[in-house]
Amino acid sequence: MFHSLKAKFTISFGTLIVLLFTASGVFLIDAKSREITADIAQNSLSFAHFTKNTVIANYQQYLEPGDFVSFNRELRGLLQRDTDITSIGISSYSGLTLFDSATEQNAQYTGVPRTVPDQATLDRIQSINISVLLRTGRVIYLKFDSAGNVTSLDVNEKPMDQIGPSDRITNIIVPIDNAYSIVYTINYQSLLTRLALAKYQISIFTIIGLVLTLLVSFVLSSSITNPILDLKRGVLKIATGDFESRVEVKTQDEVGLLAQSFNIMAQELQVSTKALVYKERVAKELELAVQIQTNLLPKDKLVLNGLDIAGGLIPATEVGGDAFDYIKVNDNQYITYLGDVTGHGVPAGIVSSIVNSLMYAFREQVDLIKMVKQLNDVIRRKISQKVFVTMALTLWNEATRTITYANAGHPPVLYYDSATKKVIDVRLQGMAIGMLEDVEKLIKTQQFTIKPGDVFVMYSDGIVEANNPAKEQFGLAKLKLVVQDAAVEDKPAEIIKNTILSNIIEHINGSEYLDDMTVVVMKGK
């Protein structure tokens, strides 16, 4: 829905109108708030200035002699003249509270003498100038000259900023003849009421504007989208296989040019459809091959007593010829292998999948030489003689803490001895699987007793033969240094594996992957 042109036009114009009205409303409300706030301040000051003598006269005439009812009646009459004044209080020059309309609504206070709460308030009571307490806590003293001009002062009678249009007053204290002070408390409820009304009116105008905008934008967008809908119906016919479908070109604008292009496309689409279908089928089969090969790799980290193991593979193409796996023989023995089929791509991936399946089929054969012989027999009979597999195999025996290693034409493995802190490349005689009829006599094995910290690394030739942009190979010597540095720092197998692969990728530096790159790291623990 929200991807259609109608929706985009409607939402865009509607959003613009809402933003304009909202921005205007915020501006108007802010201006109105400042105006009303300034009016309340001015009216309250005027009210205090003109009622101060009346309040004191009523106090002396009624409240001082004890006539609270008459005084309260007169005071309430004054308060009704300005609803922004919530209460009026009277204090003596010494700071005693003589009357407070907020608390003495029905009877005169008769308790212990009440004093002002703080020195700042007492300073205001004993001043000769009217003072204003703002809600920000700032106190401003107002000094009136004979012409009626007002100067804003601080407590030390130094000039200061005047009351701003946004400043809200908490109370006003008006001193009377160094004998009394009247405290006027200000209420801004009228401000809130008037602002709420303004917000309501702006909301109504916003809704009306939004509705009108939606109607106009809908009409305008329809004049654009209707021809596009005709084009859409033609596309749907093409999608069902009706390549003879055409759309009528009604205009010469951009939409008309699009319709002409559609008709040309329909003419040429029939020719290219067969090629696209074939390409899609191949891509789907390739995707399936990638998924199958990925599923053959170990999915979970293998946890063994005494041995930490991790492996990783970076294919040169979507489907690679490298493979590795960890295969359980029994509770104490595991076979780990890394195989590399000649070439890469789909053919190499198919062969590596076959090898992986055969490894599981022959997993109970703990004699690695015989296992290689069995693999060779199958590969020789079932696979083209132009394809062969190099492989490094190990058998881990948990009871004896030994790794038995066999090589079938594969690059030498690396062994880090934690005692000497050196890495050696272990080279064993061996023949690639699938090259000769009888390879049993050509395969040799070697056994290693694995101490905690020892590291055993198998890798494919794509690791050492990886080229950088200058056509320089990574090389065995550099690989040994990477393994030694990581092993000396006593990093786990997973970190060592990641370190090797990250160094390879850094070396390649964006160059083409010429071959699959696989590494398996085993570390004693």
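**Overview**

The chain holds ten helices and 19 strands, where helices (H or I, at least four residues) and strands (E, at least two) are DSSP runs numbered from the N terminus. This is a predicted model, in which local features need pLDDT of at least 70 and side-chain atom pairs count only at pLDDT 80 or more, while totals for chains, interfaces and linings use all residues. Residues are numbered from 1 along each chain as its sequence is written, and side-chain values use heavy atoms, with hydrogens and water left out.

**Overall form**

- The chain has a radius of gyration of 47 Å, whereas a compact globule of 525 residues would have one near 24 Å; the radius is taken over C-alpha atoms, and the globule rule is 2.2 Å times the number of residues to the power 0.38.
- Along its principal axes, the C-alpha trace of the chain spans about 130 × 80 × 45 Å.

**The sheet of eight strands**

- Eight strands form an open sheet in the order β3-β2-β1-β8-β7-β4-β5-β6, with antiparallel pairing; two strands pair if DSSP finds at least two bridges between them.
- At the edges of this sheet stand β3 (114-115) and β6, each of which pairs on one side only.
- Helix α2 (residues 68-79) packs on the sheet, touching β1 (85-92) and β2 (96-100), and its direction makes about 130° with that of β1; contact means heavy atoms within 4.5 Å, and angles run from 0 to 180 degrees between N-to-C directions, with axes as lines fitted to C-alpha atoms, for helices over the stretch in contact.
- β5 and β6 run antiparallel and are joined by four bridges, and Tyr-141 has Leu-153 in β6 as its bridge partner.

**The sheet of five strands**

- Another open sheet, also antiparallel in its pairing, has five strands in the order β11-β12-β13-β14-β17.
- β11 (322-328) and β17 (445-449) each have a single partner strand, so one side of each is left without a neighbour in the sheet.
- Nine bridges link β12 (residues 333-341) to β13 (residues 389-397) in the antiparallel sense, and Ile-335 has Leu-395 in β13 as its bridge partner.
- Helix α6 (residues 346-361) lies across β11, β12 and β13, running at about 15° to β11, while helix α7 (residues 368-382) lies across β12, β13, β14 (402-408) and β17, running at about 145° to β13.

**The largest pocket**

- The lining of the largest pocket consists of 14 residues, of which Gln-42, Leu-45, Leu-142, Val-150 and Ile-163 lie nearest its centre; on a 1 Å grid over the protein atoms alone, a pocket is an open set of points where a 1.4 Å probe fits, with protein on both sides within 12 Å along at least five of seven lines, and lining residues have an atom within 4 Å of a point.
- α1 gives the most to this lining, with six residues.
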